[in-house]
Amino acid sequence: MFEGIEKYKSLDFYARQVVEGFITGMHRSPFHGFSVEFAEHRQYTTGEPTKSIDWKLYARTDKLFVKRFEEETNLRCQLVVDHSSSMFLPTEGQGDIDHPNKLTFACYASAVISELLVRQRDAFGLSLLSEGIDQQTPCRSSRTHQQYILQLLEKELLQPMPGDRKEAAQRGTSIVEALHLTAEALHRRSLVVLFTDALVRPEEDDPLFDALRHLRHCKHEVLLFHTLHHGHEVGFDYPARPTEFIDLETGHRLKVNPLEVADSYRKEMARRTAEIKRIAIQYRIDYQTVNVSQGVEQVLLPFLLKRSRHY
């Protein structure tokens, strides 16, 4: 119990630190409503409320000016995390943000984005998907709601590896059905931020694309983070010796020499990634490849750019 509380605190602290560092590293923020800086001054008109008068400027100029701040927005954002068993790759990275697996990366990235949203007073929720919608919260904008979401993400970080114990059963992926359900469940236009490795059987490619199109058909904006471990899943970087590969979703085992299949694997992976990107562009979905080894900060700029275009 105590260990879980400590890890939860570190998740909250990590999100705040990443956001603070990101904001500090930016010069004048180009993202309307995000910066605490004002847009410009204008002269005060008699009869207006005095709360926005810049009294320091009045002391220097003996004239009344009002601060005009960047326009605030009422964004609704649904953070959608694929937590099927394939997201536990690499298996040694569960819960370790310094060397994360895909699920750990997605949880920390979602925590960081929630920190950005709560600072802006935007409403946000969380969905966890595998063979269906396993968890879904409503969209709210309070710190209390953020703490609840962080607790849900903390539970994901504490999940045992598939097959480690009887209760750690393999969770299959039916991301297609889950995305259709998500599209229908969000009753108001939202920005959907999706973290998934998009691993489906070849015959499910077209249904996957249909599910993404369904989100757009329901007027949702979509930011797809294609979450992969580039060393293992893109570069197929394994020792040139007989190696046993285990399907984390089915438990199926296959022993091969990586050197014999590396070229064909890389070509197929490149083809599939290019196809997902092509379809995303066709449906006006913002598509971003994510290498989980390169740090959570890589998701922030694409998210803010998408957020700024949402209106």
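In which loop does Pro90 lie?

Author: Pro90 lies in the loop between strand S3 (76-82) and helix H3 (102-120); helices (H or I, at least four residues) and strands (E, at least two) are DSSP runs, numbered from the N terminus. The peptide bond that leads from Leu89 to Pro90 is cis, with omega near -10°.

The model is a predicted one, in which local features need pLDDT of at least 70 and side-chain atom pairs count only at pLDDT 80 or more, while totals for chains, interfaces and linings use all residues. Residues are numbered from 1 along each chain as its sequence is written, and side-chain values use heavy atoms, with hydrogens and water left out.

Now to the salt bridges. A salt bridge is a side-chain nitrogen of Lys or Arg within 4 Å of a carboxyl oxygen of Asp or Glu. The structure holds 16 of these salt bridges.

One of them joins Arg119 to Glu115, with the closest N and O atoms 2.8 Å apart. Because the two are four residues apart in helix H3, about one helical turn separates Arg119 from Glu115. For accessibility, buried means under 20% relative accessible area, exposed over 50%, and partly exposed in between (1.4 Å probe, protein chains only). Arg119 is partly exposed, at 30%, whereas Glu115 is buried, at 0%.

A further salt bridge pairs Arg189 with Glu221, the closest N and O atoms being 3.7 Å apart. Arg189 has a relative accessible area of 40% and is partly exposed; Glu221, at 15%, is buried.

Lys306 and Asp286 also meet through their side chains in a salt bridge (2.8 Å, N to O). Here too the pair links distant parts of the chain, with Lys306 in helix H9 (residues 300-309) and Asp286 in strand S10, 20 residues apart. Both Lys306 and Asp286 are buried.

These last two pairs belong together: Arg189, Glu221, Asp286 and Lys306 are linked, with Arg216, in a network of salt bridges.

Arg284 has a positive phi of about 60° although it is not a glycine, and at 60% relative accessible area it is exposed.
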